[in-house]
Amino acid sequence: MPKDNSIKSVLIIGSGPIIIGQACEFDYSGSQASRSLKEEGIEVSLINSNPATIMTDKVTADHIYLRPLTVESIIQILEERNIDAVLPTMGGQTALNLCKEADERGVWTKYNVKIIGVNIDAIETTENREAFRKLMIEIGVGVPPSAVANSFLEGKEIAQKIGFPLVIRPSYTLGGTGGSFVLKKEDFEERLSRGLQASPIHEVLVEKAVLGWKEYELELLRDAADNVIIICSIENMDPMGIHTGDSITIAPAMTLSDRTYQRMRDMAIKMMRAIGKFAGGCNVQFAVDPDSEDIIAVEINPRVSRSSALASKATGYPIAKIAAKLAIGYHLDELKNQITGSTSAFFEPTLDYVIVKVPRWNFDKFHGADKQLGLQMKSVGEVMAIGRSFNEALQKACQSLEINKHGLGADGTLSNVSVDELVTKLEQPSWDRLFHLKEAMRLGVPIQSVFNLTKIDKWFLNEINRLVILEQELRKYSLQNIPADFMLELKQNGFSDAQIAYIITNTSAEEVYEQRKKLGIKRVYKMVDTCAAEFPAKTPYFYSTFEKAPVDANGSFLNNNESSASDKKKIVVLGSGPNRIGQGIEFDYSCVHGILAAKECGYEAIMVNCNPETVSTDFDIADKLYFEPVYWEHIFELIEYEKPEGVIVQLGGQTALKLSERLHEKGIKIIGTDFSNMDLAEDRGRFSDLLRDLNIPYPPYGVAESAEEALVVANKVGYPVLVRPSYVLGGQGMSIVINDEELERAVIKLLKNLPGNRVLIDHFLDRAEEAEVDLICDGADVQIVGMMEHIEPAGIHSGDSYAVLPPFNLSENVMKQMEDYSRKLAFALNVRGLLNIQFAIKDEKVYVIEANPRASRTVPFIAKAHQVPYVNIATKVMLGAKN
């Protein structure tokens, strides 16, 4: 059946601000859905309140509404515009809840708007824990013993009847909010109260806990003809008991027997058909008893989810894009496979590689927080890695996390941890359990003991133990006598050059790289094509791996790359890696605009990133996508292979910027502001010297490389002082201190976490106002694109401060000083592209706090406010475009 021609305009509901449990995966799905509908000639309106997203950019939809996600906002849009249908499945739980609330108030009926992609009954059934439980029993799908409580007394009666351990699951919440395990009776009352309060309808499901069971997810698509396909199976390495958003996950499922998979598949299809008749996507979660292989349903989400974004990037199958087309009436067999361009979309992808997702946490920002993982999601981002083996993908994922890891272990960071401490860490899962698990095996803890403590399937434990065995074997060699086959085996198991150098000692990662090049062991690039190379693929979506290079008759190595390096002028854009506090979706916004601008300037635009939630890692944004860690070894080999004109580091936050020094040392051109000037801005001490030379006011300061030096500086400039490390983002390591004791403690801790860092100690301007400027400079002219005033005083990080554009309370005199200093700094730093400058204002005098020669958190906000594509313009300035 072709599309429903009665639908000429669609409203997509977004997911609002980034929160734990609902991040930029919905920016990706909403953006993809919008482009999909526009391809069909449908007028797309989009409501979302998040200015940092690509979703709310003019390139995405015909009409953007940056408004609060409320029923009142929906009514205003429907009064203003003729909307035929609403698509609420691309904005997470926020969008579904808003759609349901609008339906209850009769809004869709009043304005004759059709709900597509889901129906209200499906939302109600899946979010109401009691309705879901009853439906599963009715259709013969297993669920744990459970009952619904709407009051404290009901909850206590259910617990008494079922017995401990229990799970408390609040209705209508996201990311496991309010959910918890209760292992003993003494904890039950407090956790029941918390769950009831977290639910907007004061309802919880109290169910028997299946701790230690294995957890799986299936991603499904269904069309109006009731055709259903399974896009991807995903296995949680961590057993039941840890929220799936906090679990390491693998695709395809590794330890599932074919018999159990077929049963699970049939159950998922039955569940999707039972919850309502609608065309779109669905995510189903199951638990499997590792002994009997009994299967129970955990939950079903009638929308695209966090895992849908992962499944899309894992398989290359554009779930949100196809789901949007199914929502307007198309059947699966009427749509093309977007990757091959020739086969039908009515197929189930085949993977000839392994995907590993590892979450990224930010517990370092929340001292004293409970770091133990459980039902409530705590991670703030994630990375995805692709390899030809589980170990290769796992180690690549560890390299992607940006937590100073060169892979899984082999770096000495846990060498002082005792076996007793490791055992405790394994028993109480936290963000670093993976690394403790490997270290425990290295110290000789048996696999059976590790299994007893973690309930992680022995297949995964044996694979990780294989890394320990390889390390032991490697210690027998020096660099020069490592056999070629063994070097290849190490690389196929994901070992970085830095890990190999650490294990054999007295050598460097660069020397390892040169040695393996002599052995003919270099990265090859393979295609993500949805069909395991059964059909030719047109989409340039690649990952790196290692394989034995074929040789010709003369013994010369032949090229076995599926990525062909063209002769075109190319630009590589380095992405921002995993979301974390201080570096999030706003940098992906900039990367996407940078890619689009490079394409408009006639370059082949190459994107490198490892974040599955983002628009930049969508297969049809760049001319070429390399889903790779933004990690030096991978970047350098890719640049050696592609030979681009240069690399853009300004758009990927501190992730990309940190690689600029090594790019500079290797003679690789940095597009835009050069390394020496970026380094000048990043080095706190040298930058303060520059301000002095330019006669720009700055707080009295000094630079310290030890606690002793810091004390001398602080007593010279006067307390309170601001302690700031160089080369960091999001205020990492910064603190305000008021005496010697606090200062000593802060500096010692900072230098422990950031060894070798130059620490700026400057006088803190108490009760000063704060403001900032974003500008674009081409070397001849400076364009100030936004001047913002912060509502909170100096001392509150700019990312946590309310900001107003244009300034509401700054005098002409202050704004003139800010403008003058901005121009001076832009020219002195020889900026080509973007520059963000932070100011403090006290008694009508303007001080410069810092300058960042890169895209900032505020650029998307300014671009949306002025409706001008400033990142696009800045990228063209970096590339030297004249128009």
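A salt bridge is a side-chain nitrogen of Lys or Arg within 4 Å of a carboxyl oxygen of Asp or Glu. By that criterion, Arg 35, Glu 39, Glu 40, Lys 321, Lys 325, Asp 618 and Asp 620 are linked in a network in this structure, which is a predicted model. A search of the whole structure finds 54 salt bridges.

- The network brings together Arg 35, Glu 39, Glu 40, Lys 321, Lys 325, Asp 618 and Asp 620.
- Helix α1 spans residues 25–39 and includes Ser 36.
- Ser 36 has a relative accessibility of 0% and therefore counts as buried.
- Beyond its neighbours within four places in sequence, Ser 36 touches Lys 321, Ala 324 and Lys 325; Lys 321 and Lys 325 also belong to the salt-bridge network.

**Individual salt bridges**

- Lys 491 and Glu 633 form a salt bridge through their side chains, with an N to O distance of 2.7 Å. Lys 491 lies in helix α17 (residues 484–492) and Glu 633 in helix α21 (residues 632–642), so this pair ties together parts that are 142 residues apart in sequence.
- Both partners of this pair are buried: Lys 491 has a relative accessibility of 1%, and Glu 633 has a relative accessible area of 9%.
- Lys 517 and Glu 640 are also joined by a salt bridge, in which the closest N and O atoms are 3.9 Å apart. Because Lys 517 lies in helix α19 (residues 509–518) and Glu 640 in helix α21, the pair connects parts that are 123 residues apart in sequence.
- Lys 517 is partly exposed, at 30% relative accessibility, and Glu 640 is likewise partly exposed, at 30%.
- Glu 80 pairs with Arg 81, and the closest N and O atoms of this salt bridge are 3.7 Å apart. Glu 80 counts as partly exposed at 47% relative accessibility, and Arg 81 is partly exposed with a relative accessible area of 22%.

**Helix α21**

- Of the 11 residues of α21, 10 are buried, so the helix is largely enclosed by the rest of the structure.
- The buried residues are Trp 632, Glu 633, His 634, Ile 635, Phe 636, Glu 637, Leu 638, Ile 639, Tyr 641 and Glu 642. Glu 640, by contrast, is partly exposed.

- Strand β13 (residues 280–288) runs antiparallel to β10 and is joined to it by 9 bridges. Within this pairing, Ala 287 is the bridge partner of Glu 215.
- Strand β11 (residues 228–236) is also antiparallel to β10, with 7 bridges between the two. Here Val 228 of β11 stands opposite Arg 222.
- β10 and β11 form a hairpin with 5 residues between them, and in the turn Asp 226 has a positive phi of about 70°.

**Open sheet of β23 to β26**

- This open sheet has 4 strands in the order β23-β26-β24-β25, paired antiparallel.
- The edge positions are held by β23 (701–704) and β25 (735–737); each has a single partner strand, so one side of each is left without a neighbour in the sheet.
- From one strand to the next, the twist averages 25°.
- Strand β24 (residues 721–725) is joined to β25 by 3 bridges in an antiparallel arrangement, and Leu 722 has Ile 736 of β25 as its bridge partner.
- Helix α25 (residues 684–693) packs on the sheet and touches β23, β24 and β26 (759–763), with its direction at about 155° to that of β23.
- Helix α26 (residues 707–717) also packs on the sheet, touching β23, β24 and β26, and its direction makes about 175° with that of β23.

Conventions: Residues numbered from 1 in each chain as written. Predicted model: local features only at pLDDT ≥ 70, side-chain atom pairs only at ≥ 80, totals over all residues. Heavy atoms only, no water. Pairing = 2+ DSSP bridges. Axes fitted to C-alpha atoms, helices over the stretch in contact; angles between N-to-C directions. Contact = heavy atoms within 4.5 Å. Buried < 20%, exposed > 50% of the residue type's maximum accessible area, 1.4 Å probe, protein only.
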